[in-house]
Amino acid sequence: MIARTSQSARLAGVVAAVVLAATLVGSQALAGAHAPAGGVASTGKLVGQTSSAYLGGLRTFAAAVLWNRIDPQFHQYYGASFDESFGTFTPTVRMVQALDPQFIQAYYVAAYWIARHKSVPEGLQIAEEGIDNNPQSGLMRANYVQIALLAETPDMTEIMKQATIGIGADMQWASHADEFEGLGIFSAAFNISGDTATVAKLKARQAALPDDPVSPE
């Protein structure tokens with residue numbers, strides 16, 4: 001009974017967060033649509049854009065609330081059956097991406113799951129959205145490479161382009177754990193291409209990373 005009550009409370013929280021998210025997105029659209037146009041300086045358009053900016057913090061907050069609600073569910077409740085069950089969460093995960101385009105974990109998890117269980121091109125499209133919105137994220141480049149390698153005929157030219165960008169010094173990583181995982185994915189791509197020298201360098205970078213998940217920032 002306690003477990004059922006707890007699950008109901010979590011579901012109610014998710015529903016509330018979705019309603020809030022829909023309200024915020026709708027409000028943003030209304031702000032732009034009803035802002036008076038015209039004028040030399042397009043003051044009305046600027047007012048609409050400013051209203052949208054004020055809603056930015058609320059959108060980010062709503063995205064975090066949604067993610068915090070669903071993340072424990074697809075780990076705690078479904079455990080070993082995550083692969084089969086995550087599909088029920090994908091609409092909510094896509095809402096998280098819409099509310100906060102810089103929420104990289106939402107792209108990383110959803111793109112890989114969809115590529116594995118539905119469609120590699122669809123998963124690749126989500127990975128590309130992740131790069132477009134987070135061009136300096138090393139994890140988003142690794143995400144693309146990982147999914148592109150799942151294709152029946154991988155586009156090695158594009159894969160090596162993204163892998164080369166991904167190992168650059170200007171890439172940003174949210175944690176040492178993410179960087180370790182990403183470098184492993186890039187190593188796989190370079191290994192396929194026969195560039196064993198770069199593979200050795202990437203393995204050395206992995207070995208030099210601190211053995212903790214703390215953010216490098």
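Let's begin with how this chain folds back on itself: among contacts (heavy atoms within 4.5 Å) in the protein chain between residues at least 6 apart in sequence, 66% join residues at least 24 apart. The model is a predicted one, in which local features need pLDDT of at least 70 and side-chain atom pairs count only at pLDDT 80 or more, while totals for chains, interfaces and linings use all residues. Residues are numbered from 1 along each chain as its sequence is written, and side-chain values use heavy atoms, with hydrogens and water left out.

The protein chain has 10 helices and zero strands. Helices here are DSSP runs of H or I with at least four residues, strands are runs of E with at least two, and both are numbered from the N terminus. Of the 217 residues, 39% count as buried; buried means under 20% relative accessible area, exposed over 50%, and partly exposed in between, with a 1.4 Å probe and protein chains only.

Among the buried residues of H9 are Glu179, Ile185, Phe186 and Phe190. The buried residues of this helix pack against H5 (104–117), H7 (138–148), H8 (156–166) and H10 (196–208). After H9 comes Gly194, with a positive phi near 90 degrees.

Now to the interior. A nonpolar core is a set of buried Ala, Val, Leu, Ile, Met, Phe, Trp, Tyr and Cys residues joined through side-chain atoms within 4.5 Å. The largest one has 32 residues, of which Val145, Ile147, Phe186 and Phe190 touch the most other members. To this core H5, H6 (120–133), H7, H8, H9 and H10 each supply at least two residues. Apart from it lies another core of 13 residues, including Leu66 and Phe103.

Charged side chains make links too. There are three salt bridges, each a side-chain nitrogen of Lys or Arg within 4 Å of a carboxyl oxygen of Asp or Glu. One joins Glu129 and Arg94 at 3.2 Å, N to O; Glu129 lies in H6 and Arg94 in H4 (residues 90–99), so this pair ties together parts 35 residues apart in sequence. Another joins Arg205 and Glu179, with their closest N and O atoms 3.3 Å apart. Because Arg205 lies in H10 and Glu179 in H9, that pair ties together parts 26 residues apart in sequence. Glu179 is buried, at 12% relative accessible area, while Arg205 is partly exposed at 29%.
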